[in-house]
Amino acid sequence: MKLKLLVFFNLMFITTHFAMCQNPAKNSLAVEKIWGQYDKYKEPGIKNRFMKHAEMMPLIPKHVDSRLVTIEEIGKSVRGRSINHLTAGRGKTKVMLWSQMHGDESTATMALFDMFNFLSSNDDNSELRKLILNNLELHFVPMLNPDGAQAWKRRNDLEIDINRDARMLVTPEGRALMELAKKLQPQIGFNLHDQNYLYSSGRSKNSATISFLAPAYNYPKDMNAVRKRATQIILSMNKALQTKSPGNVAKYNDDFDPRCFGDTFQGMEISTILIESGGYYHDPEKQFIRKLNFLALLTAFEAIAKSSYEKEDIKDYDAIPENENSLYDVFVKNVIITKEGREFKTHLGINRSQVRSTDNAAMSYSGRIAELGDQELVFGYDEIDASGLKFTPANIKTMTKAEWEKLTPQQELDLIKEGYLFVKWSDGPSPTGAIKNRLLNLTNNTENAVQEAGIGQNAQFLLTRDGKPVFAVVNGYKVDLSQPAKVLANTYGY
Ligand SMILES: [Zn+2]
């Protein structure tokens with residue numbers, strides 16, 4: 001019976017899968033091989049997404065020395081940090097790429113340095129490397145907004161959003177980019193950003209890990225040869241991404257906005273492609289997404305060098321789902337809660353907001369209840385089917401600081417099973433704020449503030465059956481109490 005069912009479902013999967021995509025996506029052998037060897041090219045000097053200008057600059061000279069790239073300073077940020085233009089290749093098609101126009105959107109900057117390593121290596125992947133360097137003239141502007149990166153914020157230090165400054169050009173960063181584009185007159189441009197990690201690909205459980213846009217160049221959103229080429233290159237990249245992360249590609253809204261660089265460049269006859277890096281399951285530091293960026297760019301370079309994108313039918317662009325807002329970090333379904341003396345069944349959406357460290361070089365997470373009530377077509381990166389389970393406030397365990405410090409993850413999990421989510425030290429005050437790599441929270445209070453489910457409240461509660469905890473939500477993370485103990489990125493001290 002089981003086997004029969006399995007065969008049936010497999011057949012169903014195969015038929016629907018092939019109905020969905022007539023031509024199953026396939027990468028070139030060269031791209032596949034490079035993907036397999038990605039770790040060799042991954043820039044070890046970039047350990048996380050919070051890289052600053054002062055950390056980025058020392059990564060450039062080795063590529064200049066290897067004669068892969070030449071470097072020129074094309075401007076300075078408001079705070080006087082250099083904006084750099086790196087050039088590689090000597091082909092006939094000029095391609096310009098700029099990243100981190102928004103200071104807190106660094107995924108593509110990381111991938112660009114991985115790409116520099118690939119392009120400057122001397123190994124058995126030289127066939128594709130030569131094809132790219134002989135056919136393209138690549139122009140890179142990594143980290144266009146270094147002041148924003150320093151403060152880990154979107155805007156520049158005039159508090160202007162550079163991507164709404166293509167027309168007025170009051171920002172030195174935007175001016176540098178516009179002057180370079182006018183000087184180079186590239187045929188193709190890549191505008192590299194990050195988007196909200198909670199976006200989904202259509203109304204689905206799939207996160208929009210990479211979203212594309214071939215921006216419109218006028219209000220009627222007309223298609224011309226310039227925009228068509230951008231669309232075709234997107235379709236080539238989409239196929240590559242589907243092989244590694246199926247279902248996680250979406251497209252961005254194409255309403256025309258003349259303040260944006262992508263829309264403006266499209267009108268200047270630069271086929272411009274927006275790439276937005278979103279979220280991916282359990283990849284908050286975006287290191288797999290960095291790898292997907294590398295793949296997308298490598299594929300685009302190959303497709304441009306071979307002109308293979310010209311075979312793409314732009315009608316296929318319609319089939320890429322739109323970005324939607326369908327995801328929570330954790331979605332708890334059918335939980336029984338008690339509120340205002342009434343007991344009822346409902347759903348809870350939980351998100352973890354990001355809290356910057358004081359040096360803007362790390363992030364901690366603070367989980368809150370974002371929604372309560374019936375919901376349709378929404379999903380969670382993690383989900384809990386809480387049918388028959390009750391929302392239950394957690395207890396506070398008192399122990400000494402020394403006892404807390406000795407707790408193993410298993411002992412912390414056992415305490416959760418007994419109904420505790422907080423520890424209060426009996427011998428002095430405990431720290432507040434993020435606590436890394438634990439399962440339990442600390443508190444200086446005598447009572448748990450979360451006594452019933454409420455919007456905006458800390459997501460710290462138990463889900464119980466007959467009084468016994470089955471799941472816990474700890475600082476907005478799902479903890480399955482039937483699974484082995486595993487510490488969380490951070491819990492909290494109150
Ligand atoms: Zn952006």
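Author: Take helix 2, where the face turned away from the buried side carries the exposed residues Leu29 and Gly36. Please keep in mind that this is a predicted model. Helix 2 spans residues 29–36, and its buried residues are Val31, Ile34 and Trp35. Looking down the axis of helix 2, you would find these buried residues within an arc of 105°, so they line one face of the helix.

What do the buried residues of helix 2 pack against? Their partners are helix 3 (38–41), helix 6 (107–120), helix 7, helix 10 and helix 12 (287–306).

Let us begin with helix 7, residues 126–135, which lies across strand 2 (82–88), strand 3 (93–99) and strand 4 (136–141). Its direction is at about 85° to strand 4. Helix 10, residues 225–244, also packs on the sheet, where it touches strand 5 (188–194), strand 7, strand 8 and strand 9. Here the angle with the direction of strand 9 is about 35°.

The sheet itself is open and has 8 strands, in the order 1-2-4-3-5-9-7-8, with mixed pairing. At its edges stand strand 1 (70–76) and strand 8 (249–251); each has a single partner strand, so one side of each has no neighbour in the sheet. On average, neighbouring strands of the sheet are turned by 20° against each other, ignoring direction.

The largest nonpolar core has 64 residues, and Leu97, Phe190, Met237 and Phe301 have the most contacts inside it. Helix 12 gives the most to this core, with 11 residues. If you zoom in on Phe190, leaving aside neighbours within four places in sequence, you will see contacts that include Val95, Leu97, Trp98, Ile233, Met237, Ile273, Leu297 and Ile304. There is also a second, separate core of 28 residues, with Leu413, Phe422, Leu462 and Leu488 among them.

Methods: Residues are numbered from 1 along each chain as its sequence is written. This is a predicted model: local features need pLDDT of at least 70, side-chain atom pairs count only at pLDDT 80 or more; totals for chains, interfaces and linings use all residues. Side-chain values use heavy atoms; hydrogens and water are left out. Two strands pair if DSSP finds at least two bridges between them. Helices (H or I, at least four residues) and strands (E, at least two) are DSSP runs, numbered from the N terminus. Axes are lines fitted to C-alpha atoms, for helices over the stretch in contact, and angles run from 0 to 180 degrees between N-to-C directions. Contact means heavy atoms within 4.5 Å. Buried means under 20% relative accessible area, exposed over 50%, partly exposed in between (1.4 Å probe, protein chains only). The arc is that of the directions from the helix axis to the C-beta atoms. A nonpolar core is a set of buried Ala, Val, Leu, Ile, Met, Phe, Trp, Tyr and Cys residues joined through side-chain atoms within 4.5 Å.
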